[in-house]
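Hi,

Here is the structure I promised to pass on. Have a look at it first, then read on for what turned up.

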Number of protein chains: 2
Amino acid sequence: MKILVVEDDEMINDAIVEYLSDQHYAVEAAYDGKSAWDLLEVFTYDLILLDVMLPEMDGIALCRKLRNKGMDIPILMLTARDTLDNKIEGLDAGADDYLVKPFELGELSARIRALLRRGGSTTTPVLTWGKLSLDPSTCEVFFDEKELALSPKEYKLLEFFLRNGRRVFSRAQILEHLWSFEQVPEEATVKAHIRGLRQKLESVGAPSNLIETVYGLGYRLGEEP
Amino acid sequence: MKILVVEDDEMINDAIVEYLSDQHYAVEAAYDGKSAWDLLEVFTYDLILLDVMLPEMDGIALCRKLRNKGMDIPILMLTARDTLDNKIEGLDAGADDYLVKPFELGELSARIRALLRRGGSTTTPVLTWGKLSLDPSTCEVFFDEKELALSPKEYKLLEFFLRNGRRVFSRAQILEHLWSFEQVPEEATVKAHIRGLRQKLESVGAPSNLIETVYGLGYRLGEEP
DNA sequence: GAAAAAAAATGAAAATTCTGGTAGTAGAAG
DNA sequence: CTTCTACTACCAGAATTTTCATTTTTTTTC
């Protein structure tokens, strides 16, 4: 875990760096907004500790600049000013949390843990298989940059395979997994959807064995290229 | 955006609920830890406002229980006690932020915005999508300089989409997020609002696929120009 | 190896589901 | 009282899912 400490007061900066180093974080220091920006353009950090009052470029401006650039690193603001307006300004500029000076190092540490813990699990995984990729959040499917327009059942079918590696599934198993108990259709239905999927996949140049048939057993994903 | 307020003091609870409702959030109230847990097992929320001191199950215990179950909803803790230990305990239990009573409602609102923003995909206070922009603080919506007059539900609907990028949401999911459970209407209602929104968008020249239909799955924002 | 049997693929029609539009009611707001 | 908003119901056209008859492929058996 790598943390950038942006704080112009050398004594405070040094104290924070030392404390966080003891907590086994990798820490780097910057003493003004501009040099912090320079570092951030080149290196990646897991979290930024950002003082509001800074020479060259203040914390809120830096924060805005980062967010505008699409960087979503957790930012913990440090502020000496305790007025409501400044807190709100900081949070609206895109900071994730703030701490009012003077603060205790124990609290700093707790807030850092809270922010880092949060960052980890927020990304939605995109499922891929060779050149094929499927994004469950947007329901988009691509093969080699080209988007496929799948029907709902075809989409679910493909997602099901992608979530299960190379496992073989019989048509009966597929029906059990993708259809609700109330109305399970004939196995012929699965055949039909498999066919639809294969057709659409081939139409964008996917190899014909992407979904392969295992005679007598069922279907599975073909070898990953 | 749906918020659960867990606070045993009825007066405070009511005040918060009323204030947040005015801010166009869908709000539900719970008055003890156990009933909060029951609600959370069944419904989905975008944020929890959680008092530390509660009958049945205290806030920290509830927080732990949620995190252990893998739920990563943003949690904002409310505490009357101002000692460092309790703050740290709350944050380590998995809370994302805390607020010490008594607090100003303006600050509560700012922190809620900050937490919700982190969960979603947007980092700027003004949400935009191509030529479309929506300012949550003023509730103004513009497309290409032209202002749209949206009804409250249409506004919420649009904000919800704007906060979630290209994610697909079924009508049922939309109902869960934008309506309080006491009065969840039929799915036809969502259709009606989608329609209203599309009409108003088109009337100012927005592309008709700005809110696009994903057959059988739901709705989402169309490709960003 | 070739015929028979089993399994899978194909094509196309029937049944079902989904969506967008119209219309109308109830209730709140002004 | 009028206007705006939220909600429902219903319908037709479109898209999808399902079924079924037929052909092709693979396996089994002799």
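Let's start in a loop: Cys139(A) sits between strand 7 (132-135) and strand 8 (140-143) of chain A. Keep in mind that this is a predicted model. Cys139(A) has a positive phi of about 60°, although it is not a glycine. Glu56(A) is another non-glycine residue with a positive phi, near 75°. You'll find Glu56(A) in the loop between strand 3 (47-51) and helix 3 (59-68) of chain A, and with a relative accessible area of 64% it is exposed.

Now zoom out. Chain A has 8 helices and 11 strands. Its radius of gyration is 26 Å, well over the 17 Å that the globule rule gives for 225 residues, so chain A is more spread out than a compact globule. The C-alpha trace spans about 75 × 35 × 35 Å along the principal axes. Of the 225 residues in chain A, 48% are buried.

Next, charges. Side chains of opposite charge can pair when their charged atoms come close. How many salt bridges does the structure hold over all chains? There are 24.

- Lys34(A) pairs with Asp38(A), with the closest N and O atoms 3.7 Å apart. The two are 4 residues apart in helix 2 (residues 33-42), which means about one helical turn separates them. Both are partly exposed, Lys34(A) at 42% and Asp38(A) at 36%.
- Lys131(A) meets Asp144(A) at 3.9 Å, N to O. Lys131(A) is in the loop between strand 6 (127-129) and strand 7, and Asp144(A) is in the loop between strand 8 and strand 9 (146-148), so this pair ties together parts that are 13 residues apart in sequence.
- Glu212(A) and Arg166(A) come together at 3.3 Å, N to O. Because Glu212(A) belongs to strand 10 (residues 211-214) and Arg166(A) to the loop between helix 6 (152-162) and helix 7 (171-178), the bridge links parts that are 46 residues apart in sequence. Glu212(A) counts as buried at 18% relative accessibility, while Arg166(A) is partly exposed at 32%.

There is also a network of salt bridges that links Asp97(A), Arg111(A), Asp97(B), Glu107(B) and Arg111(B).

Finally, look for the negative surface patch, formed by Asp8(A), Asp9(A), Glu10(A), Asp14(A), Glu18(A) and Asp22(A). Asp22(A) is in helix 1 (residues 10-22) and is exposed, with a relative accessible area of 54%.

Cheers

Notes
Residues numbered from 1 in each chain as written. Chains lettered and ligands numbered in written order. Predicted model: local features only at pLDDT ≥ 70, side-chain atom pairs only at ≥ 80, totals over all residues. Heavy atoms only, no water. Patch = residues over 30% accessible without salt bridge, like charges linked within 9 Å, V, L, I, M, F, W, Y side chains within 5 Å. Areas by Shrake-Rupley, 256 points an atom, 1.4 Å probe, with all protein chains shown as cover. Salt bridge = Lys/Arg side-chain N within 4 Å of Asp/Glu carboxyl O. Lys, Arg positive; Asp, Glu negative; His and termini not counted. Charge placed at Lys NZ, Arg CZ, Asp CG, Glu CD. Buried < 20%, exposed > 50% of the residue type's maximum accessible area, 1.4 Å probe, protein only. Rg over C-alpha atoms; globule rule 2.2 N^0.38 Å.
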